[in-house]
Amino acid sequence: MDVLVALGTNAAYFYSIYTMIKALTSDSFEGQDFFETSSMLISFILLGKYLEVLAKGKTSDALAKLTELAPDVACLLTLDAEGNVISETEIDTKLIEKNDILKIVPGSKIPVDGIVTDGESYVNESMITGEALPVTKKLGDKVIGGTVNENGYVRIKATHVGSETALSQIVELVEAAQLAKAPVQKLADQISKFFVPTVVLVSFATWLGWFIPGQAGLYPRVWIPTAMDAFEFALQFAISVLVVACPCALGLATPTAVMVATGKGASLGVLIKGGNALENAHKVKTVVFDKTGTLTVGKPAVVSSVLFSDVSMEDFCDMTIAAETNSEHPIAKAVVEHAKMFRQNNGSHNDLFTEVKDFKVHPGAGVSGKIGERAILVGNKRLMHLSSVPLGIEVDKYVSENENLARTCVLVAIEGRAAGAFAVTDPVKPGAALVISHLRSMGISSVMVTGDNLSTATAIANQVGIDKVFAETDPLGKADKIKELQLQGMSVAMVGDGINDSPALVAADVGMAIGAGTDVAIEAADIVLMKSNLEDVVTAIDLSRKTMSRIRTNYVWALGYNVLGMPIAAGVLYPFTGIRLPPWLAGACMAASSISVVCSSLLLQYYKKPLHAYRESR
């Protein structure tokens, strides 16, 4: 493209200098200067370059945010031969060595990968695994660097340090995936590769075609304007060909459409980071979804409750609230919230509850205590069995039915008898099934990849209509699954919300992050769904397809002017009609082609979300 720009502007400019000098030295010369043509050509090219710069996204700082997960310092313990603590030393995390014993207090981050040597606690691994529920950690269990110790004191022995930790490997994978992404080849560049040399040859052939016959007297002398010779006459035709074929509109075809589409997408809650994301999204044939926080709400909620004894529901809720209020577990919080909502709906607004005595946490099982003179247990079947609470057929049936639906059952026993239960689940987002169905109608298959267990993942997949499920997959495994699909010839989009999804987001052809997700996931993604609405996955892909279709239309407009204008500019009609296209008029035609391309791109402003249009049509 730059060749035609340089030739067209320089030819017009220096020919204008020539005509100006000749006009000053000749009383009869009536040549036309084309200074405005040069300035107009350069202005449109600069406008196209400016729009391209605006379309590019900012440099991602996802890697920096990943490395910030690990704490700067750690507490190193020195033990004697019997395992007693001799001293505690605060050291830089980078100085930790394998087999060092580290002290992890509640609320602090775990500095490196290791195994628990003493104590029990719940560890929040959502920043690595993406799963919302904290994981019980006891003697011999593995812990991951960068995760958060929630409510217990533990000691760990470092097993992987430095570049060997899971967090460091994720950082390296994100960095490698970002560097491996090649820039997308623009269709305009491919066209110009053949178009530009052709135009230069046509322009030169035009000059020869008019100059040689003019010199030889093969056409009437009256065709040449007064005070011009055959050389100047032929040069005007050659310049007109260069000017009318100048690919300003071709240069505007992509950036204008990208700018309008990204602006429209932003107004609809879909943040598209530049033209590459748009180009790649229209090719997507498979969409890989994370489960927690993407297909599901990401917040445990009680979906049903039942009584197994003659205790009243109000008394049942009061005792459950009193016992579970002291627990920091997300499921406990969901149960408390549900019980309080039940009391409010039944006219009770008292926020004061009986204090629980002898409160005890049973890691991985539940809690126990005494409320007044009555003993209470709140937890899973394991806690009930450990406490010798008999569970009848009714209880077993309720638990079995809910486990088949991937729900967690919280059982409540009062005075050694099963009193009732709550079924807790992470509900599927409204409209998730419609999104999967609509993607299928677009010829796009859907896949789920999650770190959760297979039964839960399969149950959620069945609810939304996904057939292919990869469960119990770690962050590096998610990226590997993406690569496996790509090796099968598929163009893959990944939709996720957690740090654990960032390797897969950058490994995918198009990464889509939920706006309510982590900053790292958002930075690593090509497209951000700002409203956290799963329907915007469809919107992003459909908008991409509409934009690419508009870009192709823009190319038709841009090249159409050239195809029609070049023969006229070369003087094909002049011998028969006397009509020729002087350089200034060729410049006007070039400007008209650019305006038509811009107007074509602006039609994307009227784009509507496909699922909204689908609902309106029903």
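Guide: One term to begin with: buried means under 20% relative accessible area, exposed over 50%, and partly exposed in between, with a 1.4 Å probe and protein chains only. Strands (E, at least two residues) and helices (H or I, at least four) are DSSP runs, numbered from the N terminus. This is a predicted model, in which local features need pLDDT of at least 70 and side-chain atom pairs count only at pLDDT 80 or more, while totals for chains, interfaces and linings use all residues. Residues are numbered from 1 along each chain as its sequence is written, and side-chain values use heavy atoms, with hydrogens and water left out.

Visitor: Ok. Why is β21 called largely enclosed by the rest of the structure?
Guide: Because five of the five residues of β21 are buried. Val510, Met512 and Ile514 point one way from the strand, Gly511 and Ala513 point the other way, and all are buried.

Visitor: Which strands does β21 pair with, β20 for one?
Guide: Two strands pair if DSSP finds at least two bridges between them. β21 (residues 510-514) runs parallel to β20, joined by four bridges. Val495 is opposite Met512 there, and Gly496 is opposite Ala513. β21 also pairs with β22 (residues 527-529), in the parallel sense, over three bridges. In that pairing Met512 stands opposite Ile527.

Visitor: And β20, is that buried or exposed?
Guide: Strand β20 (residues 492-496) is mostly covered, with five of its five residues buried. Val492, Met494 and Gly496 lie on one side, Ala493 and Val495 on the other.

Visitor: What pairs with β20 over four bridges, in the parallel sense?
Guide: Strand β11 (residues 286-289) does. Met494 of β20 is the bridge partner of Val288.

Visitor: What about the sheet with antiparallel pairing, what is its order?
Guide: That open sheet has three strands in the order β6-β5-β8. β6 (135-137) and β8 (148-149) are the edge strands, each pairing on one side only. β5 (residues 121-124) pairs with β8 over two bridges, and Val123 has Asn149 as its bridge partner in β8.

Visitor: Switching to helices. How do α8 and α20 pack?
Guide: α8 (residues 248-267) and α20 (residues 535-569) pack at an angle of about 155°, with their axes 9 Å apart. The axes are lines fitted to C-alpha atoms, for helices over the stretch in contact, and angles run from 0 to 180 degrees between N-to-C directions. That makes α8 roughly antiparallel to α20; angles over 145 degrees count as such, under 35 as roughly parallel, 65 to 115 as roughly perpendicular and the rest as oblique.

Visitor: Which residues of α8 and α20 meet?
Guide: Contact means heavy atoms within 4.5 Å. Among the residues that meet are Ala249, Leu250 and Ala253 in α8, and Leu543, Thr547 and Ile551 in α20.

Visitor: Where do Phe316 and Phe422 sit?
Guide: Phe316 is in helix α11 (residues 313-324) and Phe422 in strand β17 (residues 417-425), 106 residues apart. Phe316 counts as buried because its relative accessibility is 0%, and Phe422 counts as buried at 0% too.
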